[in-house]
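This report describes a two-chain model, beginning with the interface and then turning to the individual chains.

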Amino acid sequence: MNLFNLIRRGSAPVARERLQILLAHERIARSQPDLLGVLREEILAVISRHVAFEPDKVQIKMDRGKSVSTLEVDIEIPNGFGAALPRAS
Amino acid sequence: MAQVLVVTSGKGGVGKTTSTAALGAALAHEGENVVVIDFDVGLRNLDLMLGAERRVVFDLINVIQGVAKLPQALIRDKRLENLVLLPASQTRDKDALTEDGVARVIAELRKKFDWIICDSPAGIERGATLAMRHADAAIIVTNPEVSSVRDSDRIIGLLDSKTIKAERGERVDKHLLITRYQPARATRGEMLSIDDVLEILSTPLLGIIPESEEVLRASNVGSPVTLSNAQSAPARAYFDAARRLKGMDVPMLVPGESRGLLNMLFGRKAA
């Protein structure tokens, strides 16, 4: 919005627009307060059924984009883990 | 059946205490038995708004800690005998407000009053969450201004998660009270309009209190605005809001909308 519009229409439409965008984000954040925490626990639970690893060596990151968000899971697994596990048939 | 109301906002300075006093007095004036409770431990002010500051002997914390019995802490209004104040403590630590203690006090008050109005402190900390804990309904006081609207949205989220009703899967009735509204500025697009605020917060409107010098005058003399000047614009708006709380169907007047052309041209004078 340029200065001319601001003078002509007043600043209330700017306030309204800023609030609508801000609150849309804050409401999403509130409704999933610990989505990452839940994902982390469940992913770790599944993997630990099959592979032994250090819980500290796990990194889970989420990037929220405009249309697509990505979930990045980085788990450091010690070498030779496959031998300790039964082969899936 | 007693109704427990919380008057809340998140943001400070929007008119919670003013509105608690004005609505409490309006309901009492209509014949209801009303107790107003100040939850702002350490920064009490409801006593001042009611002109009862020199009559405080015992307070909410004294009652919770068993130092005083509840009836000893209740202060009856000098103008309306069915309006009663339970003041907050000015000196104690706010941690003295315990969940069990508040539950006991509210349960006891429910037996004696029609309306229990809890004046919440600003913020979203312990005092504010305890003030809303037992609420059947909430009055969210909002100014037509970005920070107030944002904080109201946050408080609405808390009402839906932190109250006893919410935890039982029930809903706390929510009412929006827009205060300090300046119709002329809203018309000129300088202030969020009523429709803007309602659309953003999507909460039913209880009333619109216009900005008015009467509100400051009332606080100067220690009287709810609904008693100091019942004919003033803010007082009438509070009386209408009180009747809506009682379930009456009162048409909503948006200040400024019935204003004539001359008024529009020559501006506005606060009531």
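Chain A and chain B bury about 1300 Å² between them, with 53% of this on carbon and sulfur atoms; buried area is the accessible area (1.4 Å probe) that two parts lose on being put together, summed over both. On the chain A side, A:Arg16, A:Leu19 and A:Arg30 supply 41% of the area buried against chain B, more than any other three residues. The model is predicted: local features need pLDDT of at least 70 and side-chain atom pairs count only at pLDDT 80 or more, whereas totals for chains, interfaces and linings use all residues. Residues are numbered from 1 along each chain as its sequence is written, chains are lettered from A and ligands numbered from 1 in the order in which they are written, and side-chain values use heavy atoms, with hydrogens and water left out.

The interface can be tabulated as follows.

| Interface item | Value |
|---|---|
| Residues from chain A in the contact | 14 residues |
| Residues from chain B in the contact | 15 residues |
| Salt bridges between chain A and chain B | four salt bridges |
| Polar contacts between chain A and chain B (both at pLDDT 80 or more) | eight residue pairs |

Contact means heavy atoms within 4.5 Å. A polar contact is a pair of N or O atoms within 3.5 Å; within protein, one must be able to donate a hydrogen and the other to accept it, and residues adjacent in sequence count only if both atoms are side-chain atoms. A salt bridge places a side-chain nitrogen of Lys or Arg within 4 Å of a carboxyl oxygen of Asp or Glu. Such a bridge joins the side chains of A:Glu26 and B:Arg150 (2.5 Å, N to O). Helix α2 (residues 12–31) of chain A gives the most to the side of chain A that touches chain B, with 11 residues.

Chain A has three helices and two strands, in the sequence pattern α-α-α-β-β. Helices (H or I, at least four residues) and strands (E, at least two) are DSSP runs, numbered from the N terminus. Of the 89 residues of chain A, 11% count as buried, where buried means under 20% relative accessible area (1.4 Å probe, protein chains only).

In chain B, B:Ser19 is found in helix α1 (residues 16–29). B:Ser19 counts as buried because its relative accessibility is 0%. Leaving aside neighbours within four places in sequence, B:Ser19 is in contact with B:Gly24, B:Val141, B:Leu177, B:Thr179 and B:Tyr238.

Technical notes
Buried means under 20% relative accessible area, exposed over 50%, partly exposed in between (1.4 Å probe, protein chains only).
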